[in-house]
Amino acid sequence: MKSSILKNFIVFEGLDGCGKSSQVRLLKEHLERKGKKVEVSCEPTDGPIGKMVRDVLQHKVITTPKALALLYASDREDHLFHEDVGIKDKTANGYIEISDRYFYSSYAYQSVNVDSNYVKEINNFPSPEILIYIDVPVDVCLSRIDKRGGEKELFEKKEFLEKVDLNFKSAIKNVNPETKVLVVNGEQDISKIAKEIAFFVDKIIG
Ligand code: TYD
């Protein structure tokens, strides 16, 4: 199966609590300082399908793992190809698009409870130009989630995240060969991580 690359599309991935959101913001600021037009988005998205996903994560709606996998995939289709806000058009119009999560999250999370071939089949989407994986041990992520407080979401449990962690590691080994991958140690100082990411991205996007 040959899936294409979406130029100027940068994806951040990692476990819940790995520190993605701060790094997404810092990379955006870095690229804007260099005069680039940058848009940031996330999955689940803020659109109607993403909202349904969040309702499941917050235990407001109960459904099956397979239905949830399909919801994540529909949300992704909408994120990419929506006629007004789709990232495919934005990247074609000169924007660098940074997404907090993409199909690697489906490979990692949904494959815990759903057949991994099925998850891959429903996620036949273009690969990003750059994938940045923020690597933080499960225990550290969990203690960060605990410190945030509030209700635990569906996937924020140790045994589950340990499986997700393994799935992520195997997904990273099997990325589209045209995607440039950076695995960064997310236990370092925030500004050190940001520098490493900026250096990597500058080499590719310039
Ligand atoms: P996220 O918004 O990154 O977490 P947070 O609410 O902490 O900011 O993602 C929400 C949850 O959805 C997270 O546990 C990961 C999970 N997820 C999947 O299981 N599959 C997917 O395809 C995506 C995009 C996220």
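How far is an oxygen atom of the ligand from an N or O atom in the side chain of Asp16? I started my notebook with that one, and the answer is 2.6 Å. A reminder to myself before going on: this is a predicted model.

**Entry 1: contacts of the ligand**

Arg101 has a polar side-chain atom 2.6 Å from an oxygen atom of the ligand. For Ser106, I found an N or O atom of the side chain 2.6 Å from a ligand oxygen. I then checked how much of the ligand is covered: it exposes 550 Å² when taken alone, and the protein buries 89% of that.

**Entry 2: the shell**

Next I listed the neighbours. There are 16 residues around the ligand, and the ones that come nearest are Asp16, Arg76, Arg101, Ser106 and Gln110. I sorted the shell by class and got 8 charged, 5 nonpolar and 3 polar residues.

Which helix gives the largest share of the shell around the ligand? I found that helix 5 does, with 4 residues. At least two shell residues each come from helix 2 (48-57), helix 3 (65-81) and helix 5 (103-110).

**Entry 3: the pocket**

I wanted to know where the ligand sits, and the space it takes turns out to be the largest pocket. I noted a volume of about 800 Å³ for this pocket. Its lining has 39 residues, and Asp16, Gly17, Lys20, Arg101 and Arg148 lie nearest the centre. Two or more lining residues come from each of helix 1 (20-33), helix 2, helix 3, helix 5, helix 7 (138-148) and helix 9 (190-205). By class I counted 14 charged, 13 nonpolar and 12 polar residues in the lining.

Two names turned up in both of my lists: Asp16 and Arg101 are among the residues that come nearest the ligand, and both are also among those nearest the centre of the pocket.

I finished with the backbone. Which two residues does a cis peptide bond join? They are Glu43 and Pro44, with omega at about -5°. I placed Pro44 in the loop between strand 2 (38-42) and helix 2, and helix 2 is one of the helices that supply the shell around the ligand.

I also stopped at Asn8, which is not a glycine and yet has a positive phi of about 65°. Asn8 lies in strand 1, residues 5-13.

Terms used. Residues are numbered from 1 along each chain as its sequence is written. This is a predicted model: local features need pLDDT of at least 70, side-chain atom pairs count only at pLDDT 80 or more; totals for chains, interfaces and linings use all residues. Side-chain values use heavy atoms; hydrogens and water are left out. A residue is near a molecule or strand if one of its heavy atoms lies within 4 Å of it. A polar contact is a pair of N or O atoms within 3.5 Å; within protein, one must be able to donate a hydrogen and the other to accept it, and residues adjacent in sequence count only if both atoms are side-chain atoms. Accessible areas come from the Shrake-Rupley method with a 1.4 Å probe; for residues, only the protein chains shown count as cover. On a 1 Å grid over the protein atoms alone, a cavity is a set of points where a 1.4 Å probe fits but cannot get out, and a pocket is an open set with protein on both sides within 12 Å along at least five of seven lines; lining residues have an atom within 4 Å of a point. A molecule sits in a cavity or pocket if more than half of its atoms lie within 2 Å of its grid points. Ala, Val, Leu, Ile, Met, Phe, Trp, Tyr, Cys and Pro count as nonpolar, Asp, Glu, Lys and Arg as charged, and the others, Gly among them, as polar. Grid points are joined across faces, edges and corners, and a volume is the space filled by probe spheres set on the points.
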